Amino acid sequence: MMQRLVNSKGKRNGLVGILLLLVLPLLFQDQAFILDTMILMALWGFVACSWNIVGGYGGLLSLGHAAFFGIGAYTSTILFVDYWVSPWIGMIVGALLAGLFGLFIGIVTLRLHGPFFSLCTIAVTEVLMIIAINWQEVTHGSAGIPVPYRPGFINMVFDNRVTYFYLALGLLAIVYFLSLWLNRSHFGYYLVGLRENEQAALALGINGVKVRLIAMTISSALTAVGGTFYAQYVGIVEPFHEFSFHLSAQIALMAIIGGIGTAGGPIFGAILITLLGTLLRATLGGAHGGIQALVYGLLLVIVVLFIPQGIVPWFKQVVAKRKKGVVHV
Amino acid sequence: MDIFLQLLISGILLGGVYVLVSIGLTLVFGVMKIVNFAHGDFLMLGMFGAFFLYQLFGLNPYLSLLIVTPALFILGLIIYKTIVGRTISRPHVVQIFSFIGLSVAFQNMALVLFSADFRSINHPVSTKVIHMGPIHISFPSFIAFIVAGIITILLFIFLYYTYTGKAIRAAAQDRFAATLMGVSIQKIYALTFGIGIGILGIAGSLMVPIYSVYPTVGEQFVLIAFVVVVLGGLGSLPGAVVGGLLIGLIETMSSYFIAPSMKQLVYFCVFILILILRPNGLFGKEGAAEEALE
Amino acid sequence: MFSVKNVVKRFGGLIAVDHVSFEIQKGGIFGIIGPNGAGKTTLFNLIMGNLALDEGEIRFHDQIISGKKTHEIAALGIGRTFQMVKPFGGLTVEQNVLMGALPKHNTFQEARKVARQIMDLLELTPYQDEIAQTLPVGLKKKLELARALATQPQLLFLDEVMGGLHPREVQDMIEVIRYLNREQNMTICMIEHVMSAVMALCDRILVLQQGRKLAEGTVEEVTRNPEVIQAYLGGEFKDVTLA
């Protein structure tokens, strides 16, 4: 009974939230700045949730998700610019390629754990960056590739930012529901079991290799979709951004600050970090771009040291304790 | 043949620098079983320190070493007390991302304070070249190599022949047994971390005449340091020496025989292959990679 | 039902398990005893596929299981506990047990039912919402067993489940194991140092020493065996020097 009550309340809150999210952009239609922030929040929320499948639920702390992001961005952009293939198709091709690449990385790193896995993912991303810079015939080299501005649905270029927002929100919803499913599915449980203790999980009959590889594939493919969206939205792909360690770290730290291994944590983390960036940029001006990153670096240190479960689960615990306390009094 | 000899010497000199950059990383891992992902950013701070001592006070970088090294040692102690000490024996996510956070913070602090400009010193030392027949040797690289050799030897002597050094090695082998023997683990760890970072003060001072300084310079070198120590075996000091020299050679050779832009590609591929095929490295003890899991 | 034939495992120059053979009959409780370093846990790791064996073969029913992967072996109906307990530390007791039940059940509802029964049996229900890593050792041992039971194995390997328990808890554990064997027809193979438990439960015992089979038989046979007496009572020191 309790369960049902909580559930229906959760559902109602969810519904209200969704409605609010759908109406909100219409209010800010003319305020590009606010809309831009909201779009980026949704996009980074989506990417952080995608990372979270492998890094949070699976405990494989990838520091190379920029690789998959970059594959997504580059695939759709190259197909669009050089072959006039619609970015919608490019997005799917990019996701497939990144999924395959993630599978490959998953296979070769099967024996690696902890920092060794992280190191390997860093190195793989560096290799992709070097390739992206040097393989000029295909990637256009270090200058990157601008995405031509030709608004239209087929080109996935819109003159109205609200459309981008709805698109990003749709992506976010997909990965959010996927995370909710992980919380209550065999696959999600196995992934968490392998994270908590691999040997014990295997002894229960859980196929560790299969679970790990599926997680890698899905997470990589989804991250690539984020890359395509970003390229279309920002209008340029650049090797120094798309394949940077900085981007990999940013994706992971959003999930960690919000709460890894939870459905909502990474979204909250993305909102917080994006908001922080925007606010700091607004108050300090563009000249001090470093300050926002300085702040979120310190925030990351504080969170992992003192509330390693992340802000969202921590907040829930605090609230639960409060409630308990009230009952006792 | 001359060109081969030239490459060999340049490669080994470069390797000396890499040894110096990497040895603190492997020391810290060997003793504390943590990977310092912010290692390169401490190097960046060391380089900036030496740069500004020269720029503002005209201090010869080889002398500024005497100021920068203790300063970084103390910084290492402070960071250990405030952050690193709190991550010992905690989950990977804490150990890895406290350093990632620190790295992001350091880089951007430097960006705010010093801007993204590439800076290099205009000291006559920078461009000095020693001629030995057909072979040209860059003077600052030569000095860096010599000092790297001396420091490495001193470090070995310290670890193998002094009481404190032996305590550090004892702690590296068995944390709990060392505690039983009356070694204060927290002190040993703090000291080890301080030394690991302090060495970067030496490295930074020696490198300022050779390389430009900018806020993200550490990223480039920390990746090389990872390659070096994983190649040699994380936690193995002799491994770091051999790994550093090897990577120096690989870099020099591949940039001559393949293409300068491809040198990184070559050693990253070496890195990935080593991680996959032999995660304990060439000299690492069996199970070092697994040990890090516990 | 289960047989180990001429199994050999070497670690470098050291022979950890040296041509060991034995059979476990369906419905029995088989005990493995021996001093530390005798190769007992290594044997379990070989059986479960955590380690690859160098020689010999292991059969379960009519199937050769040596060479299979751990999860495949587990899926055939072989469960195990670990001597050094390996809980899913960040999960609750209930989630731990549920994890054991999930691979065999298609819905959470069924799996949860199994998990509940087992938690009741082992009196873990009052702790079901506790986080596993915060439990005291005794409860962690119980949880270890509960999770293995949740896989509903035909054959269960127990690696020192009595270790670190109070005498009272040992008594409880003996009863649980007897219940599993008699009422649930579970075949059990246990490594144990607590001899009272071995005497009370096992119908056959294998004695290992330095990787080799020293003796095998019923409790009486083994306890009357002069070599076993030699090894266990007072003979231990002599043994060390012999090696």
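Between domain 1 of chain C and domain 2 of chain C, the count of salt bridges is zero, a salt bridge being a side-chain nitrogen of Lys or Arg within 4 Å of a carboxyl oxygen of Asp or Glu. Before I continue, please note that this is a predicted model, in which local features need pLDDT of at least 70 and side-chain atom pairs count only at pLDDT 80 or more, while totals for chains, interfaces and linings use all residues. Residues are numbered from 1 along each chain as its sequence is written, chains are lettered from A in the order in which they are written, and side-chain values use heavy atoms, with hydrogens and water left out.

Let me stay with chain C. Domain 1 comprises 21-51 + 68-77 + 155-243, and domain 2 comprises 85-152; such bounds come from an automatic or database domain assignment. The C-alpha centres of these two domains of chain C lie 24 Å apart. Contact, meaning heavy atoms within 4.5 Å, takes 14 residues from domain 1 of chain C and nine residues from domain 2 of chain C.

The area buried between the two domains of chain C is about 950 Å², with 77% given by carbon and sulfur atoms. Buried area here is the accessible area (1.4 Å probe) that two parts lose on being put together, summed over both. In domain 1 of chain C, the residues that lose the most area to domain 2 of chain C are L156(C), M173(C) and V176(C), together 32% of what that side buries.

Which element of chain C gives the most to the side of domain 1 that touches domain 2? Helix 6 of chain C does, with five residues. Helices (H or I, at least four residues) are DSSP runs, numbered from the N terminus.

I turn now to chains A and B. Here 41 residues of chain A are in contact with 43 residues of chain B. The area buried between chain A and chain B is about 3600 Å², and carbon and sulfur atoms give 84% of that area. F116(A), L119(A) and L305(A) supply 18% of the area that chain A buries against chain B, more than any other three residues.

Between chain A and chain B, too, the count is zero salt bridges. On the side of chain A that touches chain B, helix 5 (114-134), helix 12 (245-258) and helix 14 (289-306) of chain A are the elements that give two or more residues. Helix 5 of chain A gives the most to that side, with 14 residues.
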